[in-house]
Amino acid sequence: MPKTAYINNKYVNFKNAKIHIEDRGLQFADSVYEVIAVLNGNLIDLDFHLKRLRYSLAELDIKYKFYHNDLKKIFLKLLNKNNTLNGIIYLQVTRGVQYREHKYEDKITPTLIIYTRNKKFNLPGKNFKGVNTVTHEDLRWKRRDIKTVNLLPNIIAANKAKKMKAYEAILLKNGKVTEGTSSNIWIIKKNNLITHPANTDILKGVTRTSILKIIKKTSLKLVEKSFTHKQLLDADEVFLTSSGSFITPILKIDKKKINNGKIGNITLKLAEMYTKSCMNG
Ligand SMILES: Cc1ncc(COP(=O)(O)O)c(C=O)c1O
């Protein structure tokens, strides 16, 4: 357990870190968040995370203003206090505390919550793992591009995966793959690397954005286009990306093995390239 959290301008003991029962984050999921990976003390893709945070806040009209460097200082201090060298930073901004009413007050003060957790990542090397997945209907709302804590449909699907001893659930809308419950999904077919376009149907993953840069250094052809359940099962290789999972190969989807249940060469190469870019800071 971490020692320290940060709530509304104060470093507090993690065990006593509390927010008010009328916080709108609790009552309405009126709240946005980010999860930032920390690898060897490096804050991975911090600029992209803070840019997406600004986007989510603006889309929901949550009036939380911040300076990049102020948040970075808090992150570094918390990492230090919690002895986190490898792990994640969790940040949440709720609209704030108010008497319970769907409509929010203009002058409400947002609640800021930040803490860190140690985590071991799945990185290329001798322990690099591929995972099993299941498919599940995408039950979410129509603004998946906003990173809100409104995550119940994701939780339902993720727990179906857990019951089936799978790592992730891949979400399907009208026979097409949108993304995972907490990851973006990619398929490789011949020389094509295919992933869902970054529109309102998915979260534009920060890891996804970084991978798009990396593949410019390869001969792969990027196709940002939605793909079907059948294309998913027929793919040469499949992998998922997220700040918590980096690039993680998918070896099985429901009962279908992908690439004979082995980590594919292209996935491995991309994972190596991405990890190297993270290590270099
Ligand atoms: C629904 C969803 N899609 C995609 C992602 C991957 O995003 P990122 O790479 O920014 O972690 C996440 C991360 O939590 C997610 O919740």
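Author: Start with a term. A polar contact is a pair of N or O atoms within 3.5 Å; within protein, one must be able to donate a hydrogen and the other to accept it, and residues adjacent in sequence count only if both atoms are side-chain atoms. Now the case here. A polar side-chain atom of arginine 52 lies 2.8 Å from an oxygen atom of the ligand. Glutamate 179 has a polar side-chain atom 2.6 Å from a nitrogen atom of the ligand. Serine 243 uses a polar backbone atom, 2.8 Å from an oxygen atom of the ligand.

Reader: How much of the ligand does the protein bury?

Author: Accessible areas come from the Shrake-Rupley method with a 1.4 Å probe; for residues, only the protein chains shown count as cover. Taken alone, the ligand exposes 390 Å², and the protein buries 93% of that.

Reader: What kind of model is this?

Author: This is a predicted model: local features need pLDDT of at least 70, side-chain atom pairs count only at pLDDT 80 or more, and totals for chains, interfaces and linings use all residues. Residues are numbered from 1 along each chain as its sequence is written, and side-chain values use heavy atoms, with hydrogens and water left out.

Reader: Which residues come nearest to the ligand?

Author: A residue is near a molecule if one of its heavy atoms lies within 4 Å of it. Of the 17 residues around the ligand, Arg52, Glu179, Val206, Thr207 and Ser243 come nearest. By class, the shell has three nonpolar, ten polar and four charged residues. Ala, Val, Leu, Ile, Met, Phe, Trp, Tyr, Cys and Pro count as nonpolar, Asp, Glu, Lys and Arg as charged, and the others, Gly among them, as polar.

Reader: How do I find empty space?

Author: Rolling a probe the size of a water molecule over the atoms shows where empty space is left. On a 1 Å grid over the protein atoms alone, a cavity is a set of points where a 1.4 Å probe fits but cannot get out; lining residues have an atom within 4 Å of a point. Grid points are joined across faces, edges and corners, and a volume is the space filled by probe spheres set on the points. A search of the whole structure finds two cavities of 30 Å³ or more.

Reader: How many charged residues are in the lining of the largest cavity?

Author: Five, with four nonpolar and no polar residues. Arg95 and Tyr104 are among those that line the largest cavity.

Reader: And the second largest cavity?

Author: The second largest cavity holds about 30 Å³ of space. Its lining has six nonpolar, two polar and no charged residues.

How values were computed:
On a 1 Å grid over the protein atoms alone, a cavity is a set of points where a 1.4 Å probe fits but cannot get out, and a pocket is an open set with protein on both sides within 12 Å along at least five of seven lines; lining residues have an atom within 4 Å of a point.
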